[in-house]
Amino acid sequence: MQLGVCYYPEHWPSQRWADDARAMVEAGISVVRIGEFAWSRLEPRSGELQFEWLDRAVATLAEAGLSIVMGTPTATPPKWLVDAHPEILAVDEHGRPRGFGSRRHYCFASPVYRTQSERIVRLMAERYANHPAIIAWQADNEYGCHDTILSYSPAAREGFGHWLEKHYGDVETLNHAWGSVFWSMEVTGFEQIEAPVGTVTEPHPAIVLDYRRYCSDLVVTYNRLQVDTLRGAGVSVDIIHNFMGLFTEFDHFDVARDLDIASWDSYPLGFLERGAHDEATRDYYRQQGHPDFAGFHHDLYRAMCQGRWWVMEQQPGPVNWAISNAAPLPGMVRLWSHEAFAHGAEVVSYFRWRQAPFAQEQMHAGLLLPDGSQSRAWQELLAVRDELPGLAQQDITTTQASVALMFDYSAVWACQIQPHAADFDALELHLSWYSALRRLGLDVDIIPPTAALDGYAMVVLPCQVIADEALAQRLETAHASGSRLIIGARSGSRTPDFQIPANLAPGPLAPLTGVTIDQVDGLRPGARPRLTLPGSPQGHGLRWREQLDENRLKARIVHRFEDGMPAVTDHQGVTYLTAWLDEDSMMAIFAEASRAIDMATTVLPEGVRLRRRGTLCFAFNYAPEPRHLPDHLIPAAGYLVGGTTLPPAGVSIWSIAH
Amino acid sequence: MQLGVCYYPEHWPSQRWADDARAMVEAGISVVRIGEFAWSRLEPRSGELQFEWLDRAVATLAEAGLSIVMGTPTATPPKWLVDAHPEILAVDEHGRPRGFGSRRHYCFASPVYRTQSERIVRLMAERYANHPAIIAWQADNEYGCHDTILSYSPAAREGFGHWLEKHYGDVETLNHAWGSVFWSMEVTGFEQIEAPVGTVTEPHPAIVLDYRRYCSDLVVTYNRLQVDTLRGAGVSVDIIHNFMGLFTEFDHFDVARDLDIASWDSYPLGFLERGAHDEATRDYYRQQGHPDFAGFHHDLYRAMCQGRWWVMEQQPGPVNWAISNAAPLPGMVRLWSHEAFAHGAEVVSYFRWRQAPFAQEQMHAGLLLPDGSQSRAWQELLAVRDELPGLAQQDITTTQASVALMFDYSAVWACQIQPHAADFDALELHLSWYSALRRLGLDVDIIPPTAALDGYAMVVLPCQVIADEALAQRLETAHASGSRLIIGARSGSRTPDFQIPANLAPGPLAPLTGVTIDQVDGLRPGARPRLTLPGSPQGHGLRWREQLDENRLKARIVHRFEDGMPAVTDHQGVTYLTAWLDEDSMMAIFAEASRAIDMATTVLPEGVRLRRRGTLCFAFNYAPEPRHLPDHLIPAAGYLVGGTTLPPAGVSIWSIAH
Amino acid sequence: MQLGVCYYPEHWPSQRWADDARAMVEAGISVVRIGEFAWSRLEPRSGELQFEWLDRAVATLAEAGLSIVMGTPTATPPKWLVDAHPEILAVDEHGRPRGFGSRRHYCFASPVYRTQSERIVRLMAERYANHPAIIAWQADNEYGCHDTILSYSPAAREGFGHWLEKHYGDVETLNHAWGSVFWSMEVTGFEQIEAPVGTVTEPHPAIVLDYRRYCSDLVVTYNRLQVDTLRGAGVSVDIIHNFMGLFTEFDHFDVARDLDIASWDSYPLGFLERGAHDEATRDYYRQQGHPDFAGFHHDLYRAMCQGRWWVMEQQPGPVNWAISNAAPLPGMVRLWSHEAFAHGAEVVSYFRWRQAPFAQEQMHAGLLLPDGSQSRAWQELLAVRDELPGLAQQDITTTQASVALMFDYSAVWACQIQPHAADFDALELHLSWYSALRRLGLDVDIIPPTAALDGYAMVVLPCQVIADEALAQRLETAHASGSRLIIGARSGSRTPDFQIPANLAPGPLAPLTGVTIDQVDGLRPGARPRLTLPGSPQGHGLRWREQLDENRLKARIVHRFEDGMPAVTDHQGVTYLTAWLDEDSMMAIFAEASRAIDMATTVLPEGVRLRRRGTLCFAFNYAPEPRHLPDHLIPAAGYLVGGTTLPPAGVSIWSIAH
Ligand SMILES: [Zn+2]
Ligand SMILES: [Zn+2]
Ligand SMILES: [Zn+2]
C-alpha cells in the first residue's frame, strides 16, 4: 500500500526538481511516474536525441529515495514526425485525418508508426533498462482516450482485409459466416473488403463486430510491440499500462495478458457526468462521484493481471475535462485513496504533482497549486500517509469474493452495434447489477467470460450476449457444484459470428435456463411494465422485455409483470430474467438468491459502501450527509480508523479477524 | 383480396424451398415476391451470370401454385460494380461518397449506373418475361429509402445544369425567375450552376426547390428506364414499385404515372416513432401504431394508379430499424391486413417469410422464426385467410369517397425549404387534417393538385403552398357545382417559381377565399393563441398565424381567436383558415361544414376508425382497451366479423347493402 | 436625429425609382443606403463594368433630396470570381470550402480576395468619391455574419504562421508562452504551425486564443484595406460599417478604430430566440424583443467611434431568419426607433424599403409590402417622423453615464475556449449585469478594457478574464478618485498568454480585491447554492463558484452563501464576487453599492426602461401590458410624448431640464 504521484520534470525549471522530490517524500509518496508525453523533449528533431535532462531528473528523484515508473512517450508523436509521415494519423469516421495539436493522433494500424514507436521505446529502454530506481515501465498512456480506437485510415482498411483473411481463410467462409448474401454484400476477394463506415444505412453488424475485434487486436499487438521492445532491451521490472474509466472500446483482458500490472486512472467527479445517471443522482453526488464508480473499476482491473493493480492517476481536486468541473467535497481525496487500497490496490498515485499554469489541463488540480503552494488535497494526502502504517500491520491479503459478475467487452459492442431498443447500454446494465450487489454489502469479483468459476457462491451474468458452448459448460459445472447462477436477458442471443443461434436465444444457455425466446418487445422510454418483487417497492422493466416460447418452456415462472408477462424464471436453481429490471428489483432478486444459499446481505444506508481486504473491513460514506453503520456491523473491538457515524466523505476501518 | 409474402430463396438451402412453398399455400398465400437484392448472386463477377438458381426457385414456387412478383435487384449494386465504377456512388451533403456496405448507395444521376441498371434488368427480363407464374415485376425497391434522393455527385451537378437549361431556356430567364440579382447570385451560363449545398447561410429557396424537382425527376426517368427496359424485353404483366410511409422526397404521383400498380410497405410500429406525435400518444399506441398511419397511406397510394394498389410489405411482428422496436399487440397483424383490404388493396403481402438469423435485419420478424418454426403472427395470418372468403362474396368495389384531401409533394418541400416558424411540417399538418376527418367517421380520398374534383361533397386543402390559376379554376368550378371548400393557411402563398404572388398570398386563391394576407406571425412553441369553436373544447393556433389586410377583405370573419385576431373566414361558402389549428378544432370545422351540406358525421371513440368498401363497412380498434360501436352504427343484420364490442386490436365487419 | 432606409434599386424596375424616392421623402426619410451586394450587376463578367444603372439610381435619389450611403459590394463575390479563383473561399472547421450560393463565402485571409476587393472598391470610389449626395460609405456588410470569421483555408494557416512570427519573433519564445512542452506540442519552425482545428481532443487554449486574435486582426486589416482604398480614391466623407447584435467573433473596438461612425443592425425579435433567455421570457417578449437587447448594443456601439453611431438596419416587421419569426406588437417599430435616438443615435435606418418577393429574404418585412402597398410599420414610421422635430428642439447632447460596464471581446473568447462549467457564456453574464443596472433605472456606458475611467461613479467588470497591470493601475486610480468598483468572478484569471497568473487569480487585480482564488467549483445546472442578499428575494449562484485562499485573504467577507462559502467580499470599497449570481442578486449588489455613493436608483416596473439624452428623459414599455411610471418620475411639466401610463409598446418622453 504505497502512495505515488505523476510528475513532469520537463514542465518545471530543473532547479525546482530536488525540492519537489524532497516534498514528495515528506508527504509519504514513494513512487513517481515520469516520461510519458515527453517525446518532443527527448527528440526535438528527427534523430536529434536529448536524454541528458531525463538522466538528471531520474537521478534527482532517485537520490531523494523515490521509485520511478518510466512512461514511454508514444501517446504524443511530435510535429516533425507527423510532418514527415502524415500517414501515421488516425482517420475519423468522416474520412478526415485527425489533426496534430493535442494527443493520441496516431493510428494503431500504421506500420510506420509502429516502426517509430519501436525506435523511441528501444532508445529509452536501452538507456534506462538497468537503472535501479526504475521499478516499472508504463507503455504509452491511456490507450483509446478521446475516441481513438476506431480509425479508418487506408492502413486500417488494408489491415482489416489481412485480419479477416487470417481469421476466415477464404471469402466463401467469410461470406457464409457474415450472411453477406443479404443485400448483395458478398465479396470475391479480401481486397474488396471495406471498413464498415459511411454506409447509406446501418452497416452489417457482423462486419462491425469484426472491425471492432480487429481494432481491439491492433491495441493488443501495439502494446505487445512495446512490451517486447522493452524486454528486448533488457527491461526486467514490471510493465504497466494505465487504463481508463467507463471505457470499453477494446478488450482490456486481451491487452492485460501482456502486462505485469494493470492500472487505471480514477476520476470519480469527471465521470459522474458521463455515467448513465439521472439529474438528481448527479446533483446529489456531484462533489463525491457515484459510490460505485471507483469500486467497479477497482474490481474490474483487479481481474486483469492476477490481482496485481494500481490506481495510476487519482483525482486530487477538480478536473478540467468534464462538462462542469466540480470541486471534491472535503475528505473525498482521502476516501478515494482508502477505497482503492480496500479493493486491493498496491499503489495509489495522484495526478498530478503540481497544477500546470499552461496548456489544455491548466484547470486540472494537482497536489500543489500552479504557484507551488499546497492545494486543498494536501492535508488529505498527509492523513492517508499517517493512517496507512496502522492498516499495514493487519493481514491485507486480497481474497476471492463470494460473488462473481461476468463482464465481456464484446457484450458492450454487440449492444452498441444493435441496440434494438433506445438506450440499451450494456455497460450501464452491468453497473446497475454491480450497484445492486454492493448496496447489499457484498464484495464482488468481476470476471471475464473465460474465467474459472470455482469457489463463487453466486455467479451473475447481466448481459452475456455472445455465449459459446465452453461457457455454457463452465456454468453447468459451477451450477452442479452449488453456485447460484443469475442470468440476464439478451444473454446467449448471438453466436460469435453475430447470428441468432440455431435454437434461438439464449442459444447454448437454453438447457441451463430452460427458456427459449421467441419475440423481443423493445420498450420505448415511456413503456415501463410494472412488477413488484417480495420485499421491494414497485419496480418495472425497461428498454427490453422478452417473450418466452411456451411450447419450449422448461423453467418455472417465479415472478410476473403486472400484465402477466413472465419476468423471472427458475430452472433447477438457475434464475433467468426476461427483462432489464430497475436496480431496486435487482436488489430483491439478489437478496432472494442470497437467502437461498445462506449468504448474508445488509441493505446499506444510501451512499455507504463496504469492502473487505484480508482482516480489514472498510466503510465509506459517499453521501453529503452523515451516515450510521448498521448495528450488526459495529465492531466490538472498536475502529482502526473512524467510528460508527461516518461524516460526509467519512471512512471507517476495523478488523474482522477472529 | 389476396395474401402474399416476400421471400429470399438465396438466403436458404434450396432443399428447403419446396417445403416453404407448400407452407405458404397452406397459409393462404398466393403471391410471392422474390429477386430484389440478389444481384451478387445473379452476377457474382462482372459479366459472370448465374441465373440457374433463380430458374429453380421460380420453378419450385410455380409448381406449388404460387404467383410470383419478380423484383429487379438494382437497389443493391454489388461490390465489383462499385469498385469498377466508383462514380456511381451517391454523394452526401458534405461531399462524401456514400459507402458500400448496405444498400441504395447509387446516385440516380449517374449515367454509368443507368447503363448498368438497364443491362441487368434487360437480362432478367429476357430470361423471365414470358414465365406464366410471374404476374408482376417490381422495379427496384423503395426508391429513396435512407435519405438517398438528394445526391450531390459531379454527375448530379452537371445534370442539374442541363435540367435547368431545358426548363428555362436561357440564363436571363432563369436569373429573373429566381430573382438571383439578390446577393449577386446571377449566373452567365448554365455551366456556372452549383447544387444548393454547403452554402454559408441558407441557399436560395427557388434553387433548392428546383433541385428537389430535378432530383424527383431523376427518380421518374430512372424508374421509366426500368419500365421501358422490361417492356422492351417483352414483359406484358403489371409493373409495380413499392413506395414507403411518411416519405415525400420525390413526387410519387409523377413516378406512378409509369406504373400499373402502386404498392407501399406498411410498418405501423416502426413509423410511430418517426411521426410527429407526443410522448403520450406514442406510449398509448406503441404496440398498435397510430390509427391513421396506415389509412392515410392506403388512401394516398390508392390515388396513384387509377385505384390499383397493394401493400407489398406488411409488418408481421417487431421490426429492427426503429429507435425502440415494440412487439405488436396480439391481433394487430390481422387488423392491419383487414384495414388494407377495407381501403381497397388488391394484395396484402407480408415481409418476410422467415426471419433471417444474419445481417442487418436479423431482428426483423417474419411469419416464421429464424429456426423455421411459426412466429406469433402465424395464427393471425390463418384467421385472415379464413375470414376473406366470406367478405369476397360481398360487393367490394372501391368507390369515390365524399371527401377529397389535396396532397402535393411540392407543398412539403416548400415548407421544408422555408419553414418560417419552428416545426412547420406540412406532412404533419396533412395528417392532422386527415385524422380530424377520420375521427368523424368519414372516408377520404387523397388527391393530387392536378386531380379532377367532380363528385366530392367536400374538398379540403390543408396547405397548398403553390397554387396556380388552373387549380384556382378547378376549385371555382367545384365550388360552383356545390362542393364545400376548406382551405388552410399558407395556401397560394408561393408561385411555381417560389416567389410571393404579385397580389400577395393566397395568390390565385384570393378571389375564391376573399382574403389577402399582409403579415405572418410565426408562433414559437410557447405561443398558442386560444380560440373555442362551437361544440369543441378550447383550442389554439400553433406555429403559424396570418394577419389579413382589412382593406382588401371580402370574406366574412366567422371565428376569431380570443385576442380578436381572425381565425376562420367564409366567402360564399369557401372556408379559409388563417392559422394551423389543433386537431380538435379541425374536427369542429369539418363537422360544421358537414352540417352545412347535410353530410353525416360520427365522432368515433378514441382509437376506433371506420372504412367502407363496396357494401362492406369495417371498424377497427387501435386502442389497447375495448371499445363499443356507437349505437346508430350497430347493424340490424348482425356482423360478418366481430361484434358491437371491439376488443383491443379488434375488427368488426358488416354489410351496409340495402 | 434622422431617418433612413436601405434600398436596392437593382431589385426593381428603374421606372419605379423616382416614385420610391418621392415616397421616402414624404415619409420623413432623408438617408438611403444602396450598393452593397450589387457586384454581379456592377461587373457581370470579369472586367465588364456596368456602372450606368447605378449612376442613374444615385441621380434619381439625389434629385429627390435624399442623402446616400454607398455600400461596397464585397460581401457577395459573384460566381465568375469564385470560378476563376476558388481559393478565395473560406474553409470550415471540417476542411470543406464554403460554397457559393448565399453570401460572405470569402476568406479574410485570401490575398487574392484582397486584391479583388481593393479593385472593385477603388473602381466604385473613383466613380463616386465626389458625388455631393453621397454623405457616407459603408465598407462591406456585416463582417462575420453566418459564422464567417474563423476560416481554415491554406491561406489562413499560412498567414497564422506569419502572424505568430511577427508577434513572438522566434519559436522558443512561442513555445514558452504557450507552454507547448505539454503533450509534446513544441514546434521548431513557424512553418510547422497548424490551425487549432480537427484535433483529437480540445486544442491548446493559448493557440486557439491566438488564432482568434489573428482572425480578428484579419478583419481589421481587411476593413482597413477598404478604408485606405476609399480614402486613396478621394473619398472624404464618413466611412461606416454595420455591425451586428450578439456578435463577438472579432474585436469590434479594433475594427472601429479605422471608421468614422459605428453602426449596427437591430433585429430585436430575431435575436430574442438566440439570446440566453428561458422559455417564459421568450414567450413574454416574443413580439417585443428583450428590453435590454437594443439598449445594450446601442451603448456598446456608442463606445466605438467617439460616440458617433447609427442604427443602419432597423427591423420594421417580421424577419425571415429566426427559428420562429414573430410579428412585432403594434407600436414596437416606433418604440425601437425612439429608443435608438434616446441612446444617442444620429440616424435610424430601416431595413428594407420594400419586401422582395424573391430569394432568401422574401419573408423579411419592409416598409412596403412586396406589392408596393404600405406595410403595418408605415403608420409607426409617420408617427416617429412627426414626433422628432419636437424633441430636436431640446438639448440632445449625449453625455457620459454614471456607470461604466467593461466589455472585452477576448473575455468572451476565453470563456468559449475554456468554459470549465457548462453554459458559462460570458456575453450572457455581461448582458445580465447590464439588465440589473438598467432595471435600476441607471444609464450605462459600455467601455473597452483600455478605456479611460475618469468621471464614472461606478465601474463594473462582470468577467474581465484577461487583466494586465495597466488595467489594474487604471482601476486603482479610479478607485483612489472615488469610483466604486465591482469585479466579477473569473476576472484576472488569465495572463494575455492564456496562462494562470503567477500569483493565481485574480492576478494583477489581487491587490485591489484582496483575494486569491485557490480552487474553482464548477456548478452543474442543478447545483445552485443559495444566498439571500438584503432587500432581495432568495438568490443563488450558478455555473461558477470560487474558493478563496484564507491564508492570503485581505478582503472582508460581506455576504456568504447559505452553506457558508464566501459570495461577496469588500476590500476598501472594492467589491469582488466569487460566483456568477442570479440577476436579482446583482440588482441588490448594485443597489447596495449605489447607496454607498449616494447614487439614486429606481426599481422599474417589469419591462420598463429609462434613458436620458441631454435634457430629455425617455421611458419605454416592452411589456405586453400597460405600465405606470413610478410616482417620483412623473414630470411636473408634463410630457413631450406619451404620459404616465405607458400602453404596451408605449413611449413617454419629457424634459428633465431645470
Ligand atoms: Zn511516411
Ligand atoms: Zn466508371
Ligand atoms: Zn486564383
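Buried area is the accessible area, taken with a 1.4 Å probe, that two parts lose on being put together, summed over both. The legends below describe close-up views of a predicted model.

**View 1. The interface of chain A and chain B in the predicted model buries about 4,400 Å².** Of this area, 52% lies on carbon and sulfur atoms, and the contact brings together 45 residues of chain A and 54 residues of chain B. On the side of chain A, the residues that lose the most area to chain B are A:Trp183, A:Val200 and A:Arg524, which together account for 20% of what that side buries. Sorted by class, the side of chain A that touches chain B comprises 19 nonpolar, 16 polar and ten charged residues.

**View 2. Salt bridges and polar contacts link chain A with chain B.** Eight salt bridges are found across this interface, and one salt bridge between the two chains pairs A:Asp518 with B:Arg376, whose closest N and O atoms are 3.1 Å apart. The count of residue pairs in polar contact between chain A and chain B is 30, with both residues of each pair at pLDDT 80 or more.

**View 3. A:Trp183 has a positive phi in a loop of chain A.** The phi angle of A:Trp183 is about 55°, although this residue is not a glycine. The loop that holds A:Trp183 runs between α7 (171-178) and α8 of chain A. A:Trp183 is also one of the three residues of chain A that lose the most area to chain B.

**View 4. The interface of chain A and chain C joins 55 residues of chain A to 45 residues of chain C.** The two chains bury about 4,400 Å² between them, with 52% of that area on carbon and sulfur atoms. Within the area that chain A buries against chain C, 16% is supplied by A:Gln360, A:Met363 and A:Arg376, more than by any other three residues. Eight salt bridges are found across the interface of chain A and chain C, and the side chains of A:Asp283 and C:Arg524 meet in a salt bridge at 2.7 Å, N to O. In chain A, the helices α2 (39-42), α4 (79-84) and α11 (279-284) each supply at least two residues of the side that touches chain C, and that side has 20 nonpolar, 17 polar and 18 charged residues by class.

**View 5. Helix α8 (residues 205-232) packs against helix α15 (residues 409-417) within chain A.** The two helices meet at an angle of about 140°, their axes being 10 Å apart, and α8(A) passes α15(A) in a right-handed crossing. From α8(A) the contact draws on A:Pro205, A:Val208, A:Leu209, A:Arg212, A:Arg213 and A:Ser216, while α15(A) contributes A:Trp413, A:Gln416 and A:Ile417. By class, five residues of this contact are nonpolar, two are polar and two are charged.

**View 6. A:Arg212 of chain A forms a salt bridge with A:Glu249.** The closest N and O atoms of the pair are 3.1 Å apart. Because A:Arg212 lies in helix α8 of chain A and A:Glu249 in the loop between β5 (238-243) and α9 (252-256) of chain A, the pair ties together parts that are 37 residues apart in sequence. A:Arg212 also takes part in the contact of α8(A) with α15(A). Over all chains, the structure holds 144 salt bridges.

**View 7. Cis peptide bonds are found in a loop of chain B and in a loop of chain C.** In chain B, the peptide bond from B:Phe351 to B:Arg352 is cis, with omega near 5°, and B:Arg352 lies in the loop between β8 (347-350) and α14 (378-392). In chain C, a cis peptide bond joins C:Ala505 and C:Pro506, with omega about 5°, and C:Pro506 belongs to the loop between β12 (484-487) and α18 (510-513).

How values were computed:
Residues are numbered from 1 along each chain as its sequence is written. Chains are lettered from A and ligands numbered from 1 in the order in which they are written. This is a predicted model: local features need pLDDT of at least 70, side-chain atom pairs count only at pLDDT 80 or more; totals for chains, interfaces and linings use all residues. Side-chain values use heavy atoms; hydrogens and water are left out. Axes are lines fitted to C-alpha atoms, for helices over the stretch in contact, and angles run from 0 to 180 degrees between N-to-C directions. Helices (H or I, at least four residues) and strands (E, at least two) are DSSP runs, numbered from the N terminus. A crossing is left-handed if the near helix is turned anticlockwise from the far one by less than a right angle, and right-handed if clockwise. Contact means heavy atoms within 4.5 Å. Ala, Val, Leu, Ile, Met, Phe, Trp, Tyr, Cys and Pro count as nonpolar, Asp, Glu, Lys and Arg as charged, and the others, Gly among them, as polar. A salt bridge is a side-chain nitrogen of Lys or Arg within 4 Å of a carboxyl oxygen of Asp or Glu. A polar contact is a pair of N or O atoms within 3.5 Å; within protein, one must be able to donate a hydrogen and the other to accept it, and residues adjacent in sequence count only if both atoms are side-chain atoms.
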